[in-house]
Amino acid sequence: MRIFAGLSLLAALPAAAAPPPGASSCAGCHGGGGMPALAGQPVEAIAGAMLAYKAGQGSPTVMDRIARGFSEEEIRAIAAWVAAPR
Amino acid sequence: MARALINLPRTARRGEVIEIRTLIQHVMETGYRPRADGSVAPRDIITHFTCLYNNEEVFSVELAPAIAANPFLSFSLVTAESGILAFTWTGDNGFEQTETRSLTVT
Amino acid sequence: MRRRALLGAALLAAPALAQAAPKVVVIGGGFGGATAARALHRLGVSVTLVERDATYLSCPFSNAVIAGLREMEAQRFGYDGLRREGIAVVVQAARTVEERRVVLADGATLPFDRLVMAPGIALHPDAIPGLDTEAMPHAWRAGPQTLLLRRQLEAMEDGGLVVLSAPANPYRCPPGPYERASLIAHYLKTHKPRSKLILLDAKDAFSKQRLFEEAWAALYPGLLEWVPLSSGGKVVEVDAAARVVRTEFGEHQAAVANIIPPQSAGRIAQAAGLTDRSGWCAVDPVSFESRLRPGIHLIGDAIIAGAMPKSAFAANAQARVCAEAVAALLRGEAPAPPKLINTCYSLLEPGYGISIAGVYQPKDGLLADVPGAGGVSKPGAPTAVRAAEAGYAEDWFRTVTADAFG
């Protein structure tokens, strides 16, 4: 039943690049309201910072606690997605 | 001494049914819980509670490992005469604690 | 029979639907609902947002309003941003949800292909005998109650006792009662220093407890006293007119009493048959689809989210994941398993902030903590770190309100 309903709507809704796991949560803070906005920043800089925080480097207040929840592969995918302007 | 809380009216009429509430701060360790090092935490619970009303037992209860920490007990009593209520908790590792309250019956 | 009838309807409807953008209705215009409406709209879905009130008053930072540190108008957000983007906004309560259509208060109906509900919470003051929220405000939904509690504190004479009561889990904003106690204590310390605050708690432990207790010892010694469940903290009844608060083991004569009552999922969730016996809504942790009614998705404070708390940050994060899942399902695809983040800041006095964070993933039908991630701010951190987190709290508020309301 659900598949039929889905198929019926397929033509109307083009698929966009879906965010990788975790990426859509970033906008809650990093949307330009004071904390660094991420769109347009170099992917390597974002991934590098997250990987450093995950490894216990730097002196973040909260990003170390969040970075530890992701693998290196997930962090690189998130960085690529949040850096893209949209 | 564990902290014990007791709530009952200070005065009551003869023959009145009063509610008594007690709570004692105690871990109630079940004896089944594995610790981080793999050993099992030894049992440490309250096993018995009694209430004496002028030295006569009016309420008692046996407690088991399934009882939650800080056991809360509520029970009712028919008043007869002024006197002393004595509440005693006993448990593992020689635990024993008694608290008393006076009740004036009019 | 029912299944076959529905299948027939779907097949008949298919040619018409294929020409139009799929229709999604969102009920509830708070942090979850407004974010979901915008995210769905960006994904090419035709969205109608149904919200009871013309403007939204934010609960985050409303404790600062109670303590006189912030004005109510800073909490107010409207829906013009959504309208400008082309989202239809219907300012009306939803009465119930029938098969693939929402029934509004005036009887009009809105058809949907999928429904997203962010119904928030319902408060249950009746659970505490004697409670009259006009005399003892809950202030747990930002609005007149917030200002009533503020006025009561302002009118209180120096030397009065403020009694605050925190409910048992689960409830909206787990650290909220403790932030509120802190900021009211700050108000008393700076305006009415002979006064006291007693925080009665129906629990023995709470969110960010070590950090709150560390701050209370430093900032409010002798002023703020926390009474846990095992010390007689559970409120069993009140005399609202006399401002007496009774616990299992005693009573307190308050000058101002703020009783936060037990809660459940919002009224419309109950009316639509989406709550279970707990009073909350069980959902699939990948799609946020109701476990009771297929085609209806739920987000925010109303859901049973496992380890994920009932917070505005969580509602915002769930809204974006839910929007992606709804769009995938409308395309006939299976939604991908998500990861979600939560971060909650609490203010203990102006310029003193702490946080708790978590990363979550679906596990055993709920959202579970990702092991090794999350946790609270470091105990004993220097004041510069506390000041930085107080600043980040404001940054987060600016960002998330812009994200939700445009």
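Of the 86 residues in chain A, 42% are buried. Keep in mind that this is a predicted model.

What does the secondary structure of chain A come to? As for how the chain packs against itself, take the contacts in chain A with a separation of 6 or more: 64% of them are between residues 24 or more positions apart.

How far can you trust chain A? Its average pLDDT is 86, and 81% of the residues score at least 70. The two ends of the confidence range look like this:

| Helix of chain A | Residues | Mean pLDDT |
|---|---|---|
| α1 (lowest) | 2-9 | 47 |
| α3 (highest) | 63-67 | 98 |

Over residues 1-8 of chain A, pLDDT stays under 50, and the model has 17 contacts beyond four places in sequence for that stretch.

Now for the second largest pocket, which holds about 710 Å³ of space. Its lining counts 26 residues, and those nearest the centre are A:Ala27, A:Trp81, A:Arg86, C:Arg42 and C:Arg320. Which helices each supply at least two residues of that lining? From chain A there's α4 (72-83), and from chain C there are α2 (31-42), α9 (312-330) and α10 (383-405). By residue type, the lining of this pocket splits into 16 nonpolar, 4 polar and 6 charged.

Key:
Residues numbered from 1 in each chain as written. Chains lettered and ligands numbered in written order. Predicted model: local features only at pLDDT ≥ 70, side-chain atom pairs only at ≥ 80, totals over all residues. Heavy atoms only, no water. Buried < 20%, exposed > 50% of the residue type's maximum accessible area, 1.4 Å probe, protein only. Contact = heavy atoms within 4.5 Å. 1 Å grid on protein atoms, 1.4 Å probe; cavity = no way out; pocket = protein on both sides within 12 Å on 5 of 7 lines; lining within 4 Å. Points joined across faces, edges and corners; volume = space filled by probe spheres on them. Helix = DSSP H or I, 4+ residues; strand = E, 2+ residues; numbered from the N terminus. Nonpolar A, V, L, I, M, F, W, Y, C, P; charged D, E, K, R; others polar. pLDDT = per-residue confidence, 0-100.
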